[in-house]
Amino acid sequence: MTTTTVACRRHLSTFALGAICIVLPASCLAVEICIPPDHPIVPESDDLLVEYAEIIEEEFEIYFKEITMYFDCMDRSRHEAFLLAQRRTGAYQDFLHRLEVARRTSGQREE
């Protein structure tokens, strides 16, 4: 796969994500979509390997940079999901407390 092909795929992925955020903006507020990079393709033929060695090496360098960015994205996404779960847990605790108070209050009114 050539560098141009990888770049085109990356731009299409970015465009698709932008389109999703336009259509469903709320879904883009707390979620970061992490797209793994395409892996480099190494030809089986030694002749092609030698002929395209520089391009293949460049593809691997791009891959290692992009996989690092992907891992960083996954780490951020996990952290955001954890924070969101913490907030939801707090909201659930508030709900349970309010429910208990409301039940006690409505029970006192009935007496």
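## The disulfide

A disulfide is a pair of cysteine sulfur atoms within 2.5 Å. A search of this whole structure, a predicted model, finds one. Cysteine 34 and cysteine 73 form it, with their sulfur atoms 2.0 Å apart. The pair links distant parts of the chain. Cysteine 34 sits in the loop between α1 and α2, cysteine 73 in helix α3 (residues 53-110), and 39 residues separate them. Helices here are DSSP runs of H or I with at least four residues, numbered from the N terminus.

The angle about the S-S bond is -85 degrees, and the link of cysteine 34 and cysteine 73 is left-handed. Are these two cysteines buried or exposed? Both cysteine 34 and cysteine 73 are buried. Buried means under 20% relative accessible area, exposed means over 50%, and partly exposed lies in between (1.4 Å probe, protein chains only).

## Model and confidence

Residues are numbered from 1 along each chain as its sequence is written, and side-chain values use heavy atoms, with hydrogens and water left out. Local features need pLDDT of at least 70 and side-chain atom pairs count only at pLDDT 80 or more, while totals for chains, interfaces and linings use all residues.

The pLDDT is the predictor's confidence in each residue, from 0 to 100. The protein averages 83, and 70% of the residues score at least 70. Among its elements, helix α1 (residues 3-23) has the lowest mean pLDDT, 55. Helix α2 (residues 46-51) has the highest, 96.

## Salt bridges

A salt bridge is a side-chain nitrogen of Lys or Arg within 4 Å of a carboxyl oxygen of Asp or Glu. The count comes to two. One joins glutamate 32 and arginine 76, at 2.7 Å from N to O. This pair also links distant parts of the chain: glutamate 32 is in the loop between α1 and α2, arginine 76 in helix α3, 44 residues apart. Glutamate 32 is partly exposed, at 25% relative accessible area. Arginine 76 is partly exposed too, at 41%.

Glutamate 100 forms a salt bridge with arginine 104, their closest N and O atoms being 2.7 Å apart. Both lie in helix α3, four residues apart, about one turn of the helix. Glutamate 100 is partly exposed at 43%, and arginine 104 at 46%.

## Aromatic pairs

How many aromatic pairs does the structure hold? There are four. Rings of Phe, Tyr and Trp (its six-membered ring) pair if their centres lie within 6.5 Å; planes under 30 degrees apart count as stacked, over 60 as edge-to-face and the rest as tilted. Tyrosine 70 and phenylalanine 71 have ring centres 6.1 Å apart and planes at 45 degrees, so the pair is tilted. Tyrosine 70 is buried, at 18% relative accessible area. Phenylalanine 71 is partly exposed, at 46%.

Tyrosine 92 and phenylalanine 95 are stacked, 6.0 Å centre to centre with 25 degrees between the planes. They are three residues apart in helix α3, so about one helical turn separates them. Tyrosine 92 is partly exposed at 48%, phenylalanine 95 at 44%. Elsewhere, ring pairs link Phe60, Tyr63 and Phe64 into a cluster.

## A nonpolar patch

Val31, Ile33 and Ile35 make a nonpolar surface patch of about 230 Å². Patch residues have over 30% relative accessible area and no salt bridge; like charges are joined within 9 Å, and nonpolar side chains (Val, Leu, Ile, Met, Phe, Trp, Tyr) within 5 Å. Accessible areas come from the Shrake-Rupley method with a 1.4 Å probe; for residues, only the protein chains shown count as cover. Valine 31 lies in the loop between α1 and α2.

Terms used: Helix = DSSP H or I, 4+ residues; strand = E, 2+ residues; numbered from the N terminus.
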